[in-house]
Amino acid sequence: MPKVEYFFVNFGMLAGLQIQMQPKGQAPISCTDKGLDLDYRLPYSPPRKLATDEIPAIVEDFRIAAKAAVKAGFDGIEIHATHGYLIDQFMKDEVNDRTDEYGGSLENRCRFALEIVQAVSKEIGSGRVGIRISPFADYLECGDSNPEELGLYMAQALNEYGIAYCHVIEPRMKLGDRLFQAQESLVPMRKAFKGTFISAGGFAREDGNRAVEEGRADLVAYGRCFLANPDLPRRFELDAPLNKFDRVTFYSSDPVVGYTDYPFLEESGL
């Protein structure tokens, strides 16, 4: 089989970060004006609730960004709607307290996400579009009271647009070497979505293969392992040892350390 590589750029919009990171000291935008209750190491500024008539312009920003990404040479884009980012905030009822057509019911809370999917798909073609969602996550107080219903609704609604894939975070968490598995499952979403279904969430080689073999996913995404192993598919094929990732280097500003300095198998002498 010939080797085929596709390059998708992942983008979303953060909200609720430090106010000094915003242009001219503006408050970060959100679906709400509620701030975070938890005492984090960094000071988080209160967000500004988007007015209803401002939302179409945000959707337009995603469309323009997708057009620019394809023009720059990417094969497609992945809409980032997970872990407390702007789209995720709209979808989750523990954050979204709106009373307009973007709040309240499940359909209303998912409207923003689906409008973005529609706009981006129309601009670059649905076959170039994927979306990443995390209905079970409650990162940065961004949780939902019924994640199973939220996930199933999104899986069914996305079928209308014929996008390339739906990428979903497993309802579990990996801390260090320990994997905390929840009782919930992505199987109902997998059955509801008619396109390619990608699962992510602390997978190793064996359980990733098992997820595909059992039909729980078409593909499995690897993040930290792939970052530390630029030849991860080859290592999986040979069942070779993996480089251990260095968490200290995650999200650093150094363009090399922790990003492009991990050795290939040949360099490791294996």
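Helices H1 (residues 55-71) and H3 pack at about 35 degrees, their axes lying 9 Å apart; axes here are lines fitted to C-alpha atoms over the stretch in contact, and angles run from 0 to 180 degrees between N-to-C directions. The crossing of H1 past H3 is right-handed, meaning that the near helix is turned clockwise from the far one by less than a right angle. On the H1 side, the contact (heavy atoms within 4.5 Å) involves Ile55, Ile58, Val59, Phe62, Arg63, Ala66, Lys67 and Val70, while H3 brings in Phe112, Glu115, Ile116, Ala119, Val120, Glu123 and Ile124. Sorted by class, that makes 11 nonpolar, four charged and no polar residues.

This is a predicted model, with local features needing pLDDT of at least 70 and side-chain atom pairs pLDDT 80 or more, whereas totals for chains, interfaces and linings use all residues. Numbering starts from 1 along each chain as its sequence is written, and side-chain values use heavy atoms, leaving out hydrogens and water.

As for H3 itself, its 19 residues (106-124) span 27 Å from first C-alpha to last, close to the 27 Å expected, that is, 1.5 Å times one less than the number of residues. Still, H3 bends by about 40 degrees at phenylalanine 112, going by the angle between axes fitted to the seven residues ending there and the seven starting there. Phe112 also belongs to the contact with H1.

Zooming out, the protein has nine helices and 10 strands, taken as DSSP runs (H or I, at least four residues; E, at least two) and numbered from the N terminus.

Definitions and conventions
Nonpolar A, V, L, I, M, F, W, Y, C, P; charged D, E, K, R; others polar.
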